[in-house]
Amino acid sequence: MIDDAARVRRPAWVRTRFGLSLSALLTVLVLGGLCGLGGDAPDVSVGVGIPAHREVSAGLARTPPMGWNSWNLRGAAVSAVDIRAAADALVVTGMRGAGYRYVTVDDGWMLPTRDEHGTLIADPGRFPGGIAALARYVHARGLRLGIYESPGRTTCQGRPGSYGHEAHDAVTFAAWGVDYLKYDACSYPGLRPAGTSARAWLVAGFTRMRNALDATGRPIVYSINPSSSGDPAGERAWSWASSVANLWRVTNDHAPCWATVLPMDYYPGVCTSDSFDPASAWASEGGPGHWNDLDMLAVGLTPSAVNPDVENLASLATGRVSNQLDDTEARTELSVWSMFASALIAGNDLTTMSPATRTILTNRAVLAIDQDPLGAPASRRGGDSWDGLSVWTRPLAGGDTAVLVVNRGDTRRAADLPGSPLALRANPAGYEIADLWTGRLTRTAGTVPTLSVDLAPHEAALVRLTPVGRTAG
Ligand code: GAL
């Protein structure tokens, strides 16, 4: 077990005891100083062993992070070739321009052991230039690099975890030029000492790395996944993570399927529509700097290009093989993730995606809902009264409102949704209604809009309502 008490208030230089590379530390301090990142706020101990410097990460992720992650496509076989290809594709497909900035190397990037100084080593066969060179490549394209680790002794794929090495690993990541860390519980819950609650143990483990990242002086977006902890009590990250992480997973691993139909109580939330009902528990917890994360998008994942682990998960949930979202379901998925202001992390093969997939992923009107600067949460409307339709509304910056209606069922559904139960306020001049998928613009006749929808199975309508005659500001 980590000797937490002994580490509290330990001065920074003593952390060399854990094998820090002093040159790496100096690099980070100098760079941090040059960039004005260090600040002079006092350390804020949270009792987890590494002094916090929250000012370093205070301004991060004001809107949900967008990007691409290697797991759904390459699994643990990820290589620098994959990351460079994804980075190039983000540029040429227009995805970077649409806001996708973070390229993350998921699990599997390391050798099974650390070097003699305790430093993590990228697999030289798959990352011959190392991670720093990869970061330079990614940065040169106006993108940011993400990397993966775990608070346990091993990652989910059995690579060395950061347990007991948090400060060292954070400095290593910062020196390499990493901008984003996905930190995945994996083996960590198994280390919990008797008498410590599951939740306290998760909070401590994830906070330790937050503090370690901030102590480097480099702003690093922090994405955590307690859902891999196997402990439902501790997993309700939305109830504790907003002061720890910039985003936290609210579901288990997501796979390309519409709905779970087989008993999966041991692994809930695999398919796209599975998160609609549980969302009421966490939808209100996101906001600027701290977001719910519905996991990587399954948009564009195809049976011929998907990590077999991810396809197996979809097969377990559906009882079928060769699962994928069709384009209607893919539009719905992006609508739902955007309505909930989730991180938008694609996982498909960007180099071969269809024009339809590219059009979906780069729909700027939809992405603007996700990235709305107000960051206000969505609220569910209508309960079950619109049988088969899930309806959510969300206030947007400047007085607009987003409305999402999803037909979860397997038959076509048409409905007129009156504005009052949608909590839309009267506006004397009416509303302009923009359908964000068709681009169609209409005006309401009355002062409170009625929304008419006619939806194919699994289709979503995502509309933006603008009060007519509203004065700016
Ligand atoms: C899971 C996580 C996945 C992926 C995988 C790697 O726990 O949810 O997104 O990171 O670990 O082993």
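A polar contact is a pair of N or O atoms within 3.5 Å; within protein, one of the two must be able to donate a hydrogen and the other to accept it, and residues adjacent in sequence count only if both atoms are side-chain atoms. The structure shown above is a predicted model, in which local features need pLDDT of at least 70, side-chain atom pairs count only at pLDDT 80 or more, and totals for chains, interfaces and linings use all residues. Residues are numbered from 1 along each chain as its sequence is written, and side-chain values use heavy atoms, with hydrogens and water left out.

In the side chain of D107, an N or O atom is 2.8 Å from an oxygen atom of the ligand. K182 likewise places a polar side-chain atom 2.8 Å from a ligand oxygen. For N225, the distance between a side-chain N or O atom and an oxygen atom of the ligand is 3.1 Å. The ligand taken alone exposes 310 Å², and the protein buries 95% of that area; accessible areas come from the Shrake-Rupley method with a 1.4 Å probe, and for residues only the protein chains shown count as cover.

The shell around the ligand comprises 13 residues, the closest being D106, D107, K182, D184 and D253; a residue is counted here if one of its heavy atoms lies within 4 Å of the ligand. By class, this shell has six charged, four nonpolar and three polar residues. In this scheme Asp, Glu, Lys and Arg count as charged, Ala, Val, Leu, Ile, Met, Phe, Trp, Tyr, Cys and Pro as nonpolar, and the others, Gly among them, as polar.

The discussion now turns to the covalent links between cysteines. The structure holds two disulfides, a disulfide being a pair of cysteine sulfur atoms within 2.5 Å. With bonded cysteines counted along the chain, their pattern is 1-2, 3-4.

C156 lies in the loop between strand 3 (144-149) and helix 7 (166-176), and C186 in the loop between strand 4 (180-184) and helix 8 (198-215), so the pair ties together parts that are 30 residues apart in sequence. Helices (H or I, at least four residues) and strands (E, at least two) are DSSP runs, numbered from the N terminus. C156 is partly exposed, with a relative accessible area of 43%, whereas C186 is buried, at 12%. Here buried means under 20% relative accessible area, exposed means over 50%, and partly exposed lies in between (1.4 Å probe, protein chains only). The backbone of C186 also deserves attention: its phi is near 45°, a positive value in a residue other than glycine.

The other disulfide is formed by C257 and C271, whose sulfur atoms are 2.1 Å apart. This link is left-handed too, with -90° about the S-S bond. Both cysteines lie in the loop between strand 6 (247-249) and helix 10 (279-282), so the pair ties together parts that are 14 residues apart in sequence. Both C257 and C271 are buried. N252 lies in the loop between strand 6 and helix 10 as well, and N252 is buried, with a relative accessible area of 11%. A polar atom of the N252 side chain lies 3.4 Å from the backbone oxygen of P268.

The 18 residues of helix 8 should span 26 Å at 1.5 Å a residue, and its end C-alpha atoms are 26 Å apart, which agrees; the expected span of a helix is 1.5 Å times one less than its number of residues. Because 15 of its 18 residues are buried, helix 8 is largely enclosed by the rest of the structure. Just after helix 8, G217 takes a positive phi of about 85°.

Helix 12 (residues 327-339) has 13 residues and reaches 18 Å from its first C-alpha to its last, close to the 18 Å expected. Ten of its 13 residues are buried, so helix 12 is also largely enclosed by the rest of the structure; among the buried ones are L334, V336 and W337. In the loop between helix 11 (308-318) and helix 12 lies S322, which has a positive phi of about 55° although it is not a glycine. At 49% relative accessibility, S322 counts as partly exposed.
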